[in-house]
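Visitor: I've got a model open on my screen and some questions about how it holds together. Could you walk me through it?

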Amino acid sequence: MRSFLVKAKALWMLVAFCGLSTAVLAQQTVTGTVTSATDGSTLPGVTVRVKGTGQGATTNLDGGYRVQVSGPEAVLVFSFVGFEAQEITVGARSVIDISLSEDVTALDEVVVVGYGVETKRELTGAIAKVDGSTITNTVTPSFEAALQGQAPGVQVIQGSGVAGSGSVIRIRGISSVSAGGDPLIVVDGIPITQDNFLTTNWQNGAFNNNPLASINPNDIESVEILKDAAAAGIYGSRGANGVILITTKRGKKGAPTFNFSTRFGISQPVARPEMLNASELLQLLQETWENDGNVGQPDLGSYGINVDWATADSISNATNGVGTDWWDLLTHNGFKQSYDLSMRQGTDLIKSYVGVSYSENGSYIIGNSLERLNARANLDIQPIQSLTIKLSTSFNRGVNNRQRVSYTGGLGDAMSTALPIYPVYEADGSTFWADGANPIRLRENFRGLSIDTRTINNLQVAFRPIEGLEINASGSYDYLDFSNEIWESAELLNNENIGDGQSVTDKRYVNNFNGNAFVQYTLPFMPEGHSLKAMVGGEYQNSVTKGREDLIVQHVSATPFEGGAVDSVVNRYRFIDNIVRQYSSAFARINYNYNQKYFLTLIGRADQSSNFGPSNQTAFMPSASAAWVLSEEGFLAGNPVLNFLKLRASYGILGNSDFAALQWLGRYRFADINNGNVGYNGQSLLEPQIIPNEDLRWETSANLDLGLELGLFDDRITAEAAYYRRVTRDVLMQVQLPQYSGFGSQFDNVGRVLNQGVDLTVTSRNLVGEFKWTTVFNLGRNYNEVLDIGGFSPDAVSGGTNDTRIIPGFPVGTNYLVPFSHVDPATGRPVYIDINGNPTFEYNEQRDRRAVGKVLPDATGGFTNTFNYKGFDLSALFVFTIGGNIYDSSLKRQTSVVTDWNLRRDVFDRWREPGDEAQYPKLSNDFAEFGNDKEWLNTDQWLFDASYVRLRNLSVGYNLPTSILDPIKIKSARLALSGTNLLTFTRYPGIDPEIARDFDSPTDRNMSQNITFLTPPQEKSYNVSLSINF
Amino acid sequence: MNWYKSLGWVGLIALSTSCDSLFLEPEIPSDQIPSETAIQTAEDAQNLLNASYHETANYLGGQYQTLAELLGDNLRINGSSGNLVQVYNRASDFFNGDVGGHYATAYRAVYRANDIINRADLDVVSDQMVAEARFLRGLAHLELVRLWAQPYGYSADNSHDGIVISNSTDYTLVSRNTVAEVYAFVEEELQFAEANLPASNGFYATSWAAKAALARMYFQMHDYANAATYATDVIENGPFTWNTTDPNERYTLSGNSYDVTMYENVFTVVSTSNIDNRSGFYRGNYNTEAAGPPFLRITNPFGAAVLADANDGRGAWLELTNEGDPNEFYGLNKFNSDVQNNGVFTLTEMYLIAAESFAEEGNTASAVANLNPVMLRAGLSGLSTGDALATIILTAQAQRRIEFMGEGHRTHDLKRLGSDGETISVRGSNWDCDGMVLQFPASEQSDNFNMNPEGGC
């Protein structure tokens, strides 16, 4: 390899020498280095032309050049494929270093399309591309969160500020109900494991694990988001919710270049909840007591509050009325750090990218962090001209230190049952106070740890035996080992016999194999102007998830997790059922174009999925698309305003089969008493589990996409607009059966869902030249409607613990609640609206619920402004959500219904005496006063507008000049300051309008974004980063 | 062959994957069996039948008894919210998880029974299994219709809404059958069971259990002649033993080591250990030895009335706590044992059905003969044949109330008497007001299905 490098260098020197020799007559010598503005890497092969002369040079392997010019008035023109050309007047300088910006609008830009690449010009489908640098420039807990606001029609909701929580991504709305609504995620050609294993596991702290968190964002070259049938059609039956293609970095031809990046930051919550302090709470408890017809000091015990009035009063007095500030005790400035080292090199024989990375992402919750360790090696070997072997391998390990949040305690307690009148410690200070919620005690007596170890490997061979023919074969292996442990102390478990506590461990192992082969042939001997390319291939995927649960070990000594002495195994691992997913597919694509003006693409994909019975295993999903580059037509050629115009249209069928395995197969469970089952009366049981449903079939979406791409003023302004309409049929729903059937629920193909909308992106390079200003605006507008649910009632499908419904005529995830009208000025009682529109004091869910809101937004988007001046750059990304509702599910316990919960300061606007017109009813502990003996009244009083605008990312960077870097042998260096979620504008009165709490199931995940229940807010982070290339 | 299948072959050959067929074989979890091959042996069929008993035990392990008891006038409740409070307040709604969940459990028992009955033609399914399944199916329908519908006699021809009769493993969205239809179905099932079940069958259904169930059914239907006949048959001809001194037998026995014929239980839901405990629901709600005060208590007037007669041994079931305080209450300690069996049908019930039924039929001698064993066992003096019929009836009813406190009989009796024309008020409301029947779960809603009236009473 080394000799290759030497030879290559020698070759470049020869070229440079030639350039030199032709310019011996010039009077002034200019030297310098050309780098990429994107990543600071040096650019070899850049043409450096002296304007108005035939003279020039090409940069060498290190990006260096040397030209002779006639004098200070000479102008140098730097140009390179894929980059914007730049003109510089020489002036008095003899050294001119320059960085070239990538030409993002170039029609020759290569876009990954699934089983191949195409140029942007050729595309007939809706694909959004996001560069790796965009992802790394936004500090997020996991790479997918950085896609927020980057592409129209791609809604990204980050789970919360908890380290380790994931995001919900929805592409052009949501059309699935009980099948997975997440896009298919493909890394270097392999659809990777993306399951949320932690669902209903209460003790894990109320957030799902994020299977994408262990992927290193620094390894990502680009992310392509396939949105319509033309784009996602090649993933046919798996593409209905869109596809996210992740391409990792690979070697580039040239001498080894190294990049070292590091970042430090702190994390804070974007806001803190406004809870009552001790004196306020006591005052309101007194008012409650009197409202309920009592006299004297309240009996706090009657509210379930476990301190007496005197103690509470003394805690309040000792702290000037503040009491215990639990939020303050549970949060801090979280610390973040990351280190990333990578190397890229390339010769004719071998190109390689090798990277290692470590990061620690501490959240604002004390004790919560995600550590990530990554290594990647991507090798491209080309032993002979016609053969390329690509080997990609990565190792990722994510260690998530979990804390209980939300309804499981911790920060959730701080917003509910951990009252400011509760102490942290007993009066003598020696032990934790334990008579009520004490999240500090919980934190010190609980540990949660989930470890994600995964390796994604891919071997791909491309063979080009003759001109135009390429045979590809690839095999991939994605292994994920997920382990989750929780440990609780003897004190927390109230069990003195277990010394150092008890731990519970769950494990999942996923072996995901994928093999595909495809042949691509560009037909030779086509008539002038015609071009025809055909691709045909097959794919097989087999993913097996194995698992073990509930290993319960009690420790007598030593630290948990460190393999200390074990007293006894209380419960051995229980093996859980293997989940097997198999797909067998065949696909073909034909690309035709005439004169690079008229494009036609036909795609067909047939898939078999083991999730369906014999008669419905195979589905065929075709799509057709066309594009017309109008600007190539004579009547537009040379138009001074419009330099590019393309129209495109596509129609196709896409499918989804991502739901619980084997639901079509009726089956019984054998509860064998000889295998650990209890049975009845000491006898084994054979229990019906699933009603057979051989008709179960693919969920299919018919997609129409009409698009327009536009370039104005020599691409100073580019725009892309698309209208889409997707009707999904045979929607898979887990419907509640009438219980007289003897079964609780069943998966069935029920109903239809419509999504239609508009995606719009406008990029404007407002200023070019030395001071650059670029604006990118994108917006995705989506209208969602459930067209039909096959006669089932609104309660037939519900989103787990969250509270939304599927109702014809309304969107997926409709808030179906009793409408609240006002607080009765005479009595202070809440007034509801009954089903006939009449006011009533009675809260009657059975009679009065109706569709009052929706969790899906009308539109989402992003707005980015980037400024460059000399070495400085400034970028601001605003993201926004318009429309939709937030259901603040915990507010019903934080206002007028007085129990053992703390209240929010919102309750200051409450009824106190007859005649008061207030937002909240009178305080009372008598639930009947609120219209029902239930404590939890779900009304639209807790429903809010979900619109917000947020300054998602603000970064300022400075590229150090080469005059400083050259002496220390550094090619480029960038220092940057950035902040995320710095500002939020919203009318939502809760903590944070960006909400995706934990989900019990895919149904829940599809229906229940924007439902909050003591959910921790997003984080705000401040970061400093340094990136060095050498 | 479709063209894309050809393509599939090309692709798969290119992959060199060994794939004999394009059909992907399902990989079934090791503890699961496809429906088609699930019932191959008599043992498989027996296990399926066991699964129906298992669910029967899950709704008769105190669940249905407690739901019924909450609607009556024996209990007071410690708390102001929750599912059981709703039932007590006679305002159960369709989101009540306890009400809906226990409703579903009985239908699961029915589904499993239907599954056996549907397979009656198989050699591995014996006639006895079918008879047991029909017993379980009939019993479930009887208990469901008593809680989720107005009682027999509420309308003159019993054409009012009952529950859905489930006699198949297929389901469609159907309407509720009438109460008349449901009782006719229950009668047919229990009579078949009576004729085809063996007299002895361990803890499982016997012809005696079927007779006892028929006695209870006819008693509820005001058919006192048949009720007396069946109850007497069980008392006189059954193998069960009457303990003349201890009324606690049926609550304290547990485990499957005992000889069923040694005791008074005609049909029992059996608990074998801490982890196979079918009495947890009772214990959870009543236990007087738990850390906190019990959730369900006996009303003060009723508790005081029982304790007023110092001779009544059943007074030992009551524990007066906080005496003289405003929060004085009577705890019920019948269900304090960690693990206990539940006598679903007992000789006690048969005696008391027989006593009241004979009295209703004007047969004083038989009425007294059946009432006195229960009274004498409790330490009371019995009645004599010289007592008036009305006295005998009232005494029998009072004895039922005391014997079965906590077990739900009282509510069904109040409804039985109300639907027989008596003026019955339960905690200030009519015996047939809306909330005296439980609401169906939300899942039952469809255009065909009438939910019970909303709003309670």
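This is a predicted model: local features need pLDDT of at least 70, side-chain atom pairs count only at pLDDT 80 or more; totals for chains, interfaces and linings use all residues.

Visitor: How many residues of chain B are in contact with chain A?

Guide: Contact here asks for C-beta atoms within 7 Å. On the chain A side, 61 residues take part. On the chain B side, the count is 64.

Visitor: And which kind of residue, nonpolar, polar or charged, has what count on that side of chain B?

Guide: Let's go by class for the side of chain B that touches chain A. Helix 1 (3-15), helix 3 (42-59) and helix 6 are among the elements that each supply at least two residues to that side. Its residues split into 10 charged, 19 polar and 35 nonpolar.

Visitor: What do the ends of helix 6 of chain B tell us: how far apart are its end C-alpha atoms?

Guide: Helix 6 of chain B covers residues 97-118, which is 22 residues. At 1.5 Å a residue it should span 32 Å, so the model's value can be checked against that, and it agrees. The end C-alpha atoms are apart by 31 Å.

Visitor: Is helix 6 of chain B mostly covered or mostly open, and how many of its residues are buried?

Guide: Buried means 20 or more other C-beta atoms within 10 Å. By that cut-off helix 6 of chain B is mostly covered. Of its 22 residues, the buried ones number 18.

Visitor: Which strand of chain A is joined by bridges to strand 1 of chain B?

Guide: The two strands run antiparallel, with three bridges between them. One bridge pairs Ile33(B) of strand 1 with Tyr668(A). The chain A partner, residues 667-671, is strand 31.

Visitor: What is the order of the strands in the open sheet?

Guide: Strand 31 of chain A also has five bridges to strand 32 of chain A, again antiparallel. One of the pairs there is Arg669(A) with Glu687(A). That makes an open sheet of three strands, in the order 32(A)-31(A)-1(B). Its edge strands, each pairing on one side only, are strand 32 (685-690) of chain A and strand 1 of chain B.

Visitor: Which residues have the most contacts inside the largest nonpolar core?

Guide: That core has 152 residues, and helix 4 (residues 278-291) of chain A gives the most to it, with five. Beyond its neighbours within four places in sequence, Ile225(A) is in contact with residues including Ala151(A), Val154(A), Ile171(A) and Ile127(A). The residues with the most contacts inside the core are Ile127(A) and Ile225(A).

Methods
Residues are numbered from 1 along each chain as its sequence is written. Chains are lettered from A and ligands numbered from 1 in the order in which they are written. Helices (H or I, at least four residues) and strands (E, at least two) are DSSP runs, numbered from the N terminus. The expected span of a helix is 1.5 Å times one less than its number of residues. A residue is buried if 20 or more other C-beta atoms lie within 10 Å of its own, exposed if 12 or fewer, and partly exposed in between; C-beta atoms are placed from the backbone. Two residues are in contact if their C-beta atoms, placed from the backbone, lie within 7 Å. Ala, Val, Leu, Ile, Met, Phe, Trp, Tyr, Cys and Pro count as nonpolar, Asp, Glu, Lys and Arg as charged, and the others, Gly among them, as polar. Two strands pair if DSSP finds at least two bridges between them. A nonpolar core is a set of buried Ala, Val, Leu, Ile, Met, Phe, Trp, Tyr and Cys residues joined through C-beta atoms within 7 Å.
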